[in-house]
Amino acid sequence: MGQLWKEIKPETQITNDLKFYIKPSYELPKREKKSIEDIKFFEPCVGSGHILSYAFDLFYKIYEEEGYNPTEIPELIISKNLYGVDIDQRAAQLASFILLMKGRQKSRRFLRNIKNNNLRPNISFYQDFKFDDKFSNATAIGSLIRVDSADLAKITVDSGSLFAARQEELQFLYKLLSQKYDVVVTNPPYINSSRMEGSLKTYVETNHPETKTDLFATFILRCLEYCNEDGLTGYMTPFVWMFIQSYEQLRKVIIDQHFINNLIQLEYSGFDGATVPICTFTLRNKAIIDGKGSYIRLSDFKGSENQAPRTLEAIQNSDCGWFYIANQKDFEKIPTSPVGYWATQKLLKAFKNSVLLGDIASPKKGLATTDNNRFIKLWFEVSKSNFYADCTTKELAQTSGKKWFPLNKGGQFRKWYGNKEYVINWFNDGSELKEAVVIRYNGGSYTKEIRSEDKYFKDGITWSALTSSVSSFRYTDYGAIFDSAGSTMIPQENTFFLLGLLNSPVVKNILLLLNPTLNFGSGTISNIPILLPEDEYDYDKKVGDQVKIEKQEWNSREISWDFQENELLRIKGKSDIDLEEAYDLYKAYWQKKFFELHRNEEALNRQFIEIYGLQDELTPDVPLEDITILKEETSIQNNQLVFDATEVMAQFVSYAVGCMFGRYSLDKQGLVLANQGETLQDYLALTSAASTSLSHRDQQETISGRSLSEVEKRSLSEAEAYLPDDDNIIPVLDDEWFEDDIVGRFKEFLKVTFGTANFERNLAFVEESLGKDIRKYFVKDFYADHIKRYKKRPIYWMFSSANGSFNVLIYMHRYTPDTLNKILNGYLVEYREKLNTRIESLSHIIVSGSSAEQTKAAKEQDKIKKILLELKAYEREVLYPLATERISIDLDDGVLVNYNKFGAAIKEISGLNDKATKKKVKDFDWIDGKLIR
């Protein structure tokens, strides 16, 4: 409005008082002189009148500047200048009320005047008029209805009829929608096509096909239709229209036929309490040839408190670094014409002289299962024997008889290699999944969701389509299928060059231009301009080194299916160093790898920046925080790599528990027992320990019968010295009540792996690193760590009484229908008997001990009695009934289903078996919900 008046009356001082007024960079068009009384301002989605209220204040200042009598101004504004309409009657009434109160604020006689003159604000609301074709569904279609002056002329009011009032209301709506306005400003409704009411969706698709994606986009063009030929429009909308491919036609209309006068792109957190991509902008209805619009980019300034101050700073200082001048015709030089107002001429030149990535690597969107809980699992949930990694062809997959195959599914920010976590049910060429898709859509072809099958199992590059900051690209060489979140490309050649380029600041900068909405689908990635190298730099070697380090680091943790052994033990090897020395060597080794990765990445960046000629715009520097290895084990503090001994030691303890259950072995690298129902006998057959038939308890007696020096000589293999638990049940209690107590088994593991000579020192280092006594860690922290490490899909399950006085761990792959019975009779009942024995012992102390001993014994006895009550209830009401059912599990159903079969017997985990999650699982249509307890 201020811009319009400045053009009508260049000498006005009004714009001096508008602190957010952006002075145009182009020569102002000559405009026909016009009285302020003739300026019409329209809000087609008036809501409660915020915009009209602000417009009232501005009009008032202009009238004052023009010398009008202050008592006349409010009535003139309301009767001649301001117009609005809404689909909500109450909102329209509130907007009218606000304008009346604004008028009363300025003039004490205002209300009396409008009553005497029978005036009302030019604000209405939509109603359905069944007798009028255009307004028969007005409450749904609202301001999108198109009418003109010829339509208005046809509307008559029969003043003598019963329908006169309704006819007058309809005529007023025709007037509002048929006349042209000088300024149209709105914050339109944001409704995606998938959420539109049926008749509205049909209307938009028929009458506004170029903007059918979202209602706000349709309103952008509809507001321009309401304008005079040289009118202006203003909006606040999501900024997705500026970049996303589905709004390409809208951008082309604006670029070719209209003019972006100015635009402010807010940061994602620009509003308190919401993370939304918002921009505010003004358009000219008439294009300005060779004109340059003004743009302010606030994406680097987080928080709502920074948006207004940084905008004002940019308005006052165009050299601030976030104020831009751009010719919108330059946007057409970029594929899909995104509003990339900050693109430099050098970057635009790259698009002109390059080949697009889509032409040489064919990025593809992956499949959608329509039911991830059923068809997708984390790899460690299923049997190893039913999982096929490194498959290379569709034919091999089908003939293998395997059910589960690697799935690229995006994941956390990680470059070069990794995020190998998920598997998908692709048994018999995905027949079950394909059938489910067809059923979901009530027939038709499964290709609606199962896409790009010809690319499955091939080596290539994958990335996370949806990110929280910037995208990251990884090499995939493990026979993976991919879904829509983990899209994939299969380059014809130069794979490692492309991988390096995609992880460089060059592509980061280009992606922000193509689509800064944090959603990098295959369409966006396909439009990256590729300048192939002409130098002799060995990209395969440099990028290959990056992949190698990231791959080694990914496989160093047990969440990788290629995990071999714990890093502290790998680094120790056959040496006689103690645990702290192994930790120091671990830090030295991985610090070297970390900075090698960092150094290589910056060297690669330098090459790519030079290829694109962007030396003056980009830096090759990589913040240490953006190196994507050791994220769990380290942090960056004061630009230094700091290791977290607690996490490193927690990994060591987790590996020890894996060895206790036979998932891992000190005698054999990688997974050992990882199939459903496997036993100690299977372990013996799979390791060199097959030469001995020692049971766990026999083993303990044998070891205890030797001197420590003989044990240290390791006359037996390590595996013979450390066998898995024979019954797959390990107690986790407040004291060593059982010989296979978890703390005792860990101490034994520590002696076997790092020797007995330094055992006390090694144990002290473990406890110092964990920050607590080892028993306290197992009782209080281990299971929580395991839940987190395995993403709420634990492979070790804790059966626990109500208050946690009784806890045992089992390994789900070794679970059998007899496991609960063994927990009940071999541990719970025996534990109760031991506690009763302890009570008898305490009774003797209470009778014969000293006063202090008696007090202490009495307290302990009371505590044990409460525990016994807890255990009796757990046995009678929970464990015994379940044990008699001999519950079966099927690993193919996944942890989410199987864990919920055990009701209150098993530890409750939020997001796994809490009340809400349990209800969701019970409703799965592919299981028997009655089995969920």
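Helices (H or I, at least four residues) and strands (E, at least two) are DSSP runs, numbered from the N terminus. This is a predicted model, so local features need pLDDT of at least 70, and side-chain atom pairs count only at pLDDT 80 or more, while totals for chains, interfaces and linings use all residues. Residues are numbered from 1 along each chain as its sequence is written, and side-chain values use heavy atoms, with hydrogens and water left out.

**Exercise 1. Find where Asn419 sits, and say whether it is buried or exposed.**

Step 1: Go to the loop between strand S12 (404-408) and strand S13 (422-425); Asn419 is there.
Step 2: Check the backbone. Phi of Asn419 is near 55°, a positive value in a residue other than glycine. Most residues other than glycine have a negative phi.
Step 3: Look at the cover. Buried means under 20% relative accessible area, exposed over 50%, partly exposed in between (1.4 Å probe, protein chains only). Asn419 has 3% relative accessibility, so it counts as buried.

**Exercise 2. Trace the salt bridge of Glu550 and Arg414, then find the network they belong to.**

Step 1: The two side chains of Glu550 and Arg414 meet at 3.1 Å, N to O.
Step 2: Glu550 is in helix H21 (residues 539-554) and Arg414 in the loop between S12 and S13, so the pair ties together parts 136 residues apart in sequence.
Step 3: Glu550 and Arg414 are both buried.
Step 4: Widen the view: a network of salt bridges links Arg414, Glu550, Glu553, Arg557, Glu632 and Glu633.

**Exercise 3. Say how many disulfides the structure has, and check Cys45.**

Step 1: A disulfide is a pair of cysteine sulfur atoms within 2.5 Å. Searching the whole structure turns up zero disulfides.
Step 2: For Cys45, the nearest cysteine sulfur belongs to Cys223, 6.4 Å away, and Cys45 is in no disulfide.
Step 3: Cys45 counts as buried, at 14% relative accessibility.

**Exercise 4. Decide how far to trust the model, and which stretch needs care.**Step 1: pLDDT is the predictor's confidence in each residue, from 0 to 100. The protein averages 93, and 96% of the residues score at least 70.
Step 1: Over residues 689-720, pLDDT stays under 50. With contact meaning heavy atoms within 4.5 Å, the model has 57 contacts beyond four places in sequence for residues 689-720.

Terms used
Salt bridge = Lys/Arg side-chain N within 4 Å of Asp/Glu carboxyl O.
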